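Welcome! Have the sequence and the 3D view ready, try each task yourself, and then compare your steps with the solution.

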Amino acid sequence: MWRYTIDPLLRSDRKATASIVVAVTIFAMAATCCAAERMNVVFILADDLGWSDTTLYGTTEFYQTPNVQRLAERGMTFTRAYSSSPLCSPTRASILTGLAPARHGITSPNCHLGRVNLQATPGASAASDECATAVDSVNRLATTHETLVKAFKRAGYRAGHFGKWHLGLEPYSPIEHGFDMDVPHWYGPGPAGSYVAPWKYPDFDPQTPDEHIEDRMAEEAVAFMGSTEGPFFMNYWMFSVHAPFDGKADLIAKHRERVDPKSPQRCPTYAAMIESMDDAVGTLLDAVDRLGIADRTLIVFASDNGGNMYNQVEGVPPTSNAPLRGGKATLYEGGVRGPCIVVWPGVAEPGATSDTPITSCDFFPTLQEVLGLPVKQDQQFDGESFAATLRGEETNDERSTPRAFFTYFPHSPKVPDWLPPSIAVHQGDWKLIRIFFGGADGGHRWKLFNLANDLGEQDDLSAERPELVAQLDRLIEQHLEETGAVRPLPNPAFNRGAYDLSQEGVSRMNRPRRRVASKPVAGWKPMSDCRLKMVGRELVITSLGDDPYLTLALKRPIAPGGQSIMVELESGSTEAPQLFWRVGKAKPAFTAARCVDLKRVGDRFEASISADGPVTAIRIDPGRQPGESRLRRVWLESDRGEQTTLWPTGKSDE
């Protein structure tokens with residue numbers, strides 16, 4: 001909608017008013033004509049794709065990405081492209097708004113949870129081994145935000161979203177945000193069920209029995225491009241290469257033959273997932289060429305955060321981000337630095353490489369400048385345009401003071417190289433991490449790295465350069481104040497004397513377990529690292545962050561054979577919850593052989609179990625992350641939809 005005002009003095013003059021209306025109409029028509037000549041935009045966003053997961057930077061021989069390499073030959077590759085967060089939803093919100101997570105408030109990927117929270121708040125409590133409380137994150141991208149898609153729509157573009165969203169279901173889906181279409185219209189943190197059909201998307205069925213979701217998404221995206229008159233803006237936000245870890249059987253077999261057991265990258269399933277992701281990039285590139293729009297299509301390729309190095313697939317981590325330290329869910333470089341290519345035909349030099357640092361917040365202002373998108377007068381950006389870099393007009397040493405940018409992550413999932421709630425600032429070659437209330441005196445603690453000399457972040461220089469720490473920390477404080485960030489609070493229950501600093505950065509799988517003595521609640525027994533209480537009809541599970549799980553002895557055993565167990569659970573973790581089952585009086589009661597990941601389907605989770613005897617007990621692991629989960633119901637469901645409630649079973653359980 002084009003806004004204009006008419007001076008009140010002219011309102012009585014019909015002739016003058018008519019002239020203004022005609023003028024505005026001509027202006028609008030001209031703007032529409034101009035929009036029709038503008039470049040198309042294809043924004044490809046991979047999920048959990050690490051800096052070392054492509055062939056762009058010479059860091060991998062196992063994972064093969066020839067189509068990503070094809071894309072790089074057409075545009076500029078950035079060696080220092082940073083996500084706004086080490087987890088997905090905050091980065092996605094920053095791409096769409098140009099705002100930092102500290103400002104838009106989405107700092108955790110919990111946008112699939114049922115409870116709607118539009119205002120971040122400091123956490124009320126934390127476990128005794130936590131120096132600070134984690135922030136309760138916003139979990140929906142409000143439609144009141146001025147977003148990239150709204151700017152494109154005002155410029156006359158048709159807009160389509162394909163793939164992962166994870167910023168909220170209705171009324172916060174891509175459709176409510178302004179996209180003309182959203183396929184497969186899924187709000188979850190990963191693909192529904194699996195990558196290879198059968199899937200479990202509502203109203204989106206596979207065309208073949210073993211169709212791969214990325215192949216199908218690319219096909220749908222190509223149809224969108226071919227059917228669009230005038231300019232289009234297309235989000236191709238991949239599900240790849242997020243968990244669950246599965247892929248085409250033939251590709252897994254192919255890469256199993258190539259495994260070098262001495263290499264840190266040796267997961268054949270992940271290699272198959274990378275190949276399917278790369279194939280989708282190739283499908284899009286082929287379509288752009290075939291449709292004759294390559295010279296007027298700007299393409300962005302990026303990742304939402306670093307590679308996942310803490311899950312286990314076939315007994316090994318999915319990937320390694322080496323030479324970077326850490327990965328997804330950490331503030332180290334491996335968690336926030338990812339691959340990035342921008343193709344700007346006729347402007348960005350094909351095959352060029354840039355060391356200029358860019359962030360997720362920069363895409364909106366860059367596209368606004370490059371394409372002349374109409375942006376509201378009061379539009380605010382935390383990012384800045386890097387169009388000059390794309391034009392080849394700017395080098396890193398032209399700034400007297402290097403740009404500072406920030407990564408705010410007020411959470412502490414205990415993954416490899418985890419940190420307590422923290423914030424990082426990059427400026428030039430320097431990077432400072434502030435750990436909230438992690439100091440010996442109850443104040444903050446800092447880590448300082450020179451990335452030019454120490455890309456792996458092994459040499460903390462904070463004690464040697466206190467003046468630089470103070471200088472960079474002032475920038476952090478300024479950022480927090482300017483964005484109105486909701487901050488972590490000091491944890492009043494923190495046992496500083498018992499805090500083992502050597503365990504910071506050690507994943508839960510390598511940490512000794514800590515058991516919590518607690519009585520059963522509503523039939524459930526908390527076995528490790530969690531507390532239980534009933535609130536109304538919900539069992540509230542408070543996780544202490546190491547390895548929380550709870551068990552339920554069944555009043556009636558489940559008969560052996562294939563069974564589907566349904567769980568209505570609102571999980572506060574970013575990890576998939578797990579289900580274990582006990583057969584008869586087996587000891588140990590629960591083992592890895594009798595364990596499956598619970599897969600989200602709509603507002604519930606489900607799992608299929610194949611027991612060789614009567615199932616007498618179940619165990620639920622809600623996820624390894626501090627916070628609360630809420631369990632409402634557990635039941636069996638047959639293929640015909642018949643249900644048998646396992647919990648709650650009666651008044652004694654309520």
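**Exercise 1.** Find which residue stands opposite Tyr-82 in E11.

*Solution.* Step 1: Tyr-82 stands opposite Thr-359. Helices (H or I, at least four residues) and strands (E, at least two) are DSSP runs, numbered from the N terminus. Step 2: strand E3 (residues 81-82) and E11 pair in the parallel sense over two bridges; two strands pair if DSSP finds at least two bridges between them. Step 3: the open sheet has three strands in the order E8-E3-E11, with mixed pairing. Step 4: strand E8 (337-338) and strand E11 (358-359) are at the edges with a single partner strand each, so one side of each has no neighbour in the sheet.

Before moving on, note that this is a predicted model: local features need pLDDT of at least 70, side-chain atom pairs count only at pLDDT 80 or more, and totals for chains, interfaces and linings use all residues. Residues are numbered from 1 along each chain as its sequence is written, and side-chain values use heavy atoms, leaving out hydrogens and water.

**Exercise 2.** Check the span of helix H6 (residues 213-227), and find what its buried residues pack against.

*Solution.* Step 1: the expected span is 1.5 Å times one less than the number of residues. Step 2: the 15 residues of H6 should therefore span 21 Å, and the end C-alpha atoms are 21 Å apart, which agrees. Step 3: the buried residues of H6 include Ile-213, Met-217 and Phe-224, where buried means under 20% relative accessible area (1.4 Å probe, protein chains only). Step 4: the buried residues of H6 pack against strands E1 (40-46), E4 (158-163), E5 (181-183) and E6 (232-237), and against helix H8 (268-290).

**Exercise 3.** Describe the aromatic pairs of Phe-224 and Phe-245.

*Solution.* Step 1: rings of Phe, Tyr and Trp (its six-membered ring) pair if their centres lie within 6.5 Å; planes under 30 degrees apart count as stacked, over 60 as edge-to-face and the rest as tilted. Step 2: the structure holds 26 aromatic pairs. Step 3: Phe-224 pairs edge-to-face with Phe-232, at 5.9 Å centre to centre and 75 degrees between the planes. Both Phe-224 and Phe-232 are buried. Step 4: Phe-245 and Tyr-270 form a tilted pair, at 6.5 Å centre to centre and 50 degrees between the planes. Step 5: Phe-245 lies in the loop between E6 and helix H7 (249-256) and Tyr-270 in helix H8, so this pair ties together parts 25 residues apart in sequence.

How values were computed: Buried < 20%, exposed > 50% of the residue type's maximum accessible area, 1.4 Å probe, protein only. Contact = heavy atoms within 4.5 Å.
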